[in-house]
Each structure stands twice: as C-alpha cells, then as structure tokens.
Amino acid sequence: MAFSSTPSLGNTPDLIRFAYWVPNVSGGLVVSKIEQRTSWDIDYNRKLAQIAERSGFDYALSQIRFTAGYGADSQHEPVAFSHALLAATERLKVIAAILPGPWNPAVAAKQLATIDQLTGGRVAINIVSGWFKGEFTAIGEPWLEHDERYRRSEEFIRALKGIWTQDNFSFSGDFYRFHDYTLRPKPLGLPHPEIFQGGSSRAARDMAARVSDWYFTNGSTLEGIKAQVDDVRAKAAKEGRHVKIGVNAFIIARETEAEARAVLDEIIAKADPEAVNAFGDAAKQAGKASPEGEGNWAKSTFEDLVQYNDGFKTNLIGTPQQIAERIVALKEIGVDLVLSAFLHFQEEVEYFGKHVLPLVREIEASRKAA
Ligand SMILES: Cc1cc2nc3c(=O)[nH]c(=O)nc-3n(C[C@H](O)[C@H](O)[C@H](O)COP(=O)(O)O)c2cc1C
C-alpha cells in the first residue's frame, strides 16, 4: 500500500498547519518556576497526542537532548518515544529529532523505515545540527565548528534520501560512505519520510534550500520571519525546489489580552536566572559561531531565552481572535506550519483546538473568498 508523504493533510494543502512540541524533556517548555501542568512521562504524552489529533494538529515534534544545561535534567530518547506516540494515535505524524554525530545515517534510515512501516507512513525526521558543545563533550563525540556541522547534516540528509529511494545506493562523502547498499523494506511514506531541519543561520538556510523538505526556525517578529522565508524560498527556487516553513511560537490564549499578558509576565518573573543564563551562554556562543552571526539566539534577550526557542517573540499571546489573526498573517508571508508550545499542554492544546483553530479557518476562508 502506498501512502502520500503527508497522509494527515488530506486535500487541503492551502490551510496553515499546526504542530506541537512533544514534552519528552522534563521541566516543560519554559525555563521558569511557574506552575506547569505538563509532564514528560509517557502516559501524559500519549493522552496529549490523542487530544492533539482530535483538536486538529497534524504533527508533533519530539526533542533530542543527551544533556541540557537549563534544568531539563531528564529526557526520553526521541525515536523510541515518537514510536510510542505513533502507536497510540491514528492520524498524527510524529517528527523524531535526530542529531548527526551520535546517529549515523545507516542506522537512522533503517530505524525510521521500520517505524514508518509499522505506523502507516506517519513518521518524519528533524535533523538538528547541534548547538551545545558540552553535550558532545559529555558523550565523547567530536565537536565540529558551525558550518562543518551543517556540511555533515547535508551529507546525512543526502544519504537518507538515497537509502530510502534507491536500490544499490552508493555515496562517497567526507563524513559518510555507502557501497551498493539496498535497504529493505523501504519506508511506505512517498517519496520518503518528510525531512525537517532546525536552525536560522545562513548555513541552515542554505542547507534547507538544497536538501530539506521543511525549514524549522525559532520564534521571531513577522519581519524577522519574512526575511527568512524570502531567503529560503529564493535560494530553493534557484535549486528548482520548494521548501515548506515551520515557525516556533509559545502560545498563551486566554479570554482577555490582559490575562494572557499576565501569564507571560509571571513566566518571566519566575524565570530561573541561573538556568536561563547558563543556557543563554551556550546558545549565544552557538548563534555567534555562525560566520555571519545570524544563528538562532544570536540576538535573544534574557526574556526571549526563557522559552528556549524564542517562542514569545512570535507574539501568539492574547485572545483567540488576536492569535488567529496573527497566525493568518504568518500564513500570508509564506509560513506553512506553526510549531506550538504551551504552559499546560493537554488543557491548552484542547482549548486551542476549540477556540483558536476554528477562527483561523474562518479567517482563511474569508480571505480566500475575498
Ligand atoms: C524547531 C527547532 C527544533 C529544534 N530541536 C532541537 C532538538 O531537539 N535538539 C537540539 O539539540 N537542537 C534542536 N534545535 C537546534 C537546531 O538544530 C540548531 O542546532 C540550532 O538551531 C542552531 O542553529 P543555527 O545554525 O541557526 O545557530 C532545534 C531548532 C529548531 C528551530
């Protein structure tokens, strides 16, 4: 049986899509001592995945950490965890994060092909190039400088695509080599499981244009996101390709704007300064390490870093109506997917599905008619 590469998206490719961050890491998605009714355990996450697919979410993204210096002291491995979520759901696609270096493409291609076979073509992959040197040192993995990490990731992706789509695959790169290799069975998802990647630097954008299906970036202002969308799209067009764009946002939807702003203020007021600053030091080094200095976090303030992928900057904070309008504004500058995080995941994913998503669909329909 053949599946389309996006089985959950049906016949409506013009609608903006939603993903949520899988909390497979302890401590929630903000580095703050505010109460977070979010748990990283599997029972909580299975139920969350079921709520999300019922609420209109198409994707869930799991995270990879071997260590994390910002208080997330326990974390489940994302490929195994993603499989458990796929087994508990029927429609949701789960994107498993993978870090080239610790993973090699032969193992990743085989692991993902098996999960894809077992779950009706619903697994996808997020290639993260790495930003935390301490993590690589801790597991004895050589640390490459910024652009070299992307050169390795690009080879990783080219190898994955080759293994997944060709028989007798041969490849001779600086990092990986394959000789007449045939993977059986191949994945069901056609032409192969979707390939996402994270990052904001020039190297990240160049790599997306050449090889990735999706470009995931940190939260930012509408202008900041537009600059990235335009750059990735222009570069991809030169390669004869189209790359889809996903943007991170920490969503706080409340009945009044004042209530939503008060929640943000409390998150910041209760931020854990030691943990945020430790993360900030590592992340800023990573951001500045890109030769042009435009990497993730290069310009992040203390407040931004309390959500570790700059999710407040996207400003999906307010009433359902305000948030829905801002989501459609993102769509209008070319964003295909909003990657969301919440304070109390189960409750707020459900609230989003009931109160925000229908407004997004209404505004989309009225703009289309107009
Ligand atoms: C949406 C998104 C998800 C990411 N997930 C992870 C992750 O799970 N683990 C990780 O170590 N890095 C993750 N990253 C970090 C990136 O892969 C990359 O290493 C980092 O953004 C540095 O990019 P830069 O080249 O822009 O400096 C993620 C980034 C984004 C935007």
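Student: Let's start with D304. Why is D304 called buried?

Tutor: D304 has a relative accessible area of 12%, and buried means under 20%, exposed over 50%, and partly exposed in between, with a 1.4 Å probe and protein chains only. The value of 12% falls under that cut-off, so D304 is buried. As for its place, D304 lies in helix α10, residues 302–305; helices here are DSSP runs of H or I with at least four residues, strands are runs of E with at least two, and both are numbered from the N terminus.

Student: What should I keep in mind about the model itself?

Tutor: The model is predicted: local features need pLDDT of at least 70 and side-chain atom pairs count only at pLDDT 80 or more, while totals for chains, interfaces and linings use all residues. Residues are numbered from 1 along each chain as its sequence is written, and side-chain values use heavy atoms, with hydrogens and water left out.

Student: How far is D304 from T67 in sequence and in space?

Tutor: They are 237 residues apart in sequence, and their C-alpha atoms are 21 Å apart.

Student: And V31 and I268, how far apart are their C-alpha atoms?

Tutor: Those two are also 237 residues apart along the chain, with 8.9 Å between the C-alpha atoms. V31 lies in the loop between β1 and α1, and its relative accessible area of 5% is under 20%, so V31 is buried.

Student: S26 is in that region too. What makes S26 buried?

Tutor: Its relative accessible area is 8%, which is under 20%, so S26 is buried. S26 is placed in the loop between β1 (17–21) and α1 (42–54).

Student: How do you know that the side chains of S26 and D73 make a polar contact?

Tutor: The distance for this pair is 3.2 Å. A polar contact is a pair of N or O atoms within 3.5 Å; within protein, one must be able to donate a hydrogen and the other to accept it, and residues adjacent in sequence count only if both atoms are side-chain atoms. The 3.2 Å is within 3.5 Å, so the pair meets the distance cut-off.

Student: What about T256, why is T256 called partly exposed?

Tutor: Its relative accessibility is 36%, between the 20% and 50% cut-offs, so T256 counts as partly exposed. T256 lies in the loop between β10 (252–253) and α8 (257–269). A polar atom of the T256 side chain is 3.1 Å from the backbone nitrogen of E259.

Student: Which class do N168 and D180 fall into?

Tutor: N168 has 47% relative accessibility and counts as partly exposed, whereas D180, at 52%, is over the 50% limit and therefore counts as exposed.

Student: What makes their backbones worth a look?

Tutor: Most residues other than glycine have a negative phi, and most peptide bonds are trans. N168, in the loop between α5 and β5 (169–172), has a positive phi near 50°. D180, in strand β6, has a positive phi of about 55°.

Student: Which residues does a cis peptide bond with omega of about -5° join?

Tutor: That bond joins R184 and P185. The bond from L190 to P191 is cis as well, with omega near -10°. P185 is in the loop between β6 (177–181) and β7 (195–198), and P191 is in the loop between β6 and β7.

Student: Now the ligand. Which residues come nearest to the ligand?

Tutor: Of the 25 residues around the ligand, H146, Y150, S200, S201 and N296 come nearest; a residue is near a molecule if one of its heavy atoms lies within 4 Å of it. Helix α5 (146–165) and strand β8 (214–217) each supply at least two residues of this shell.
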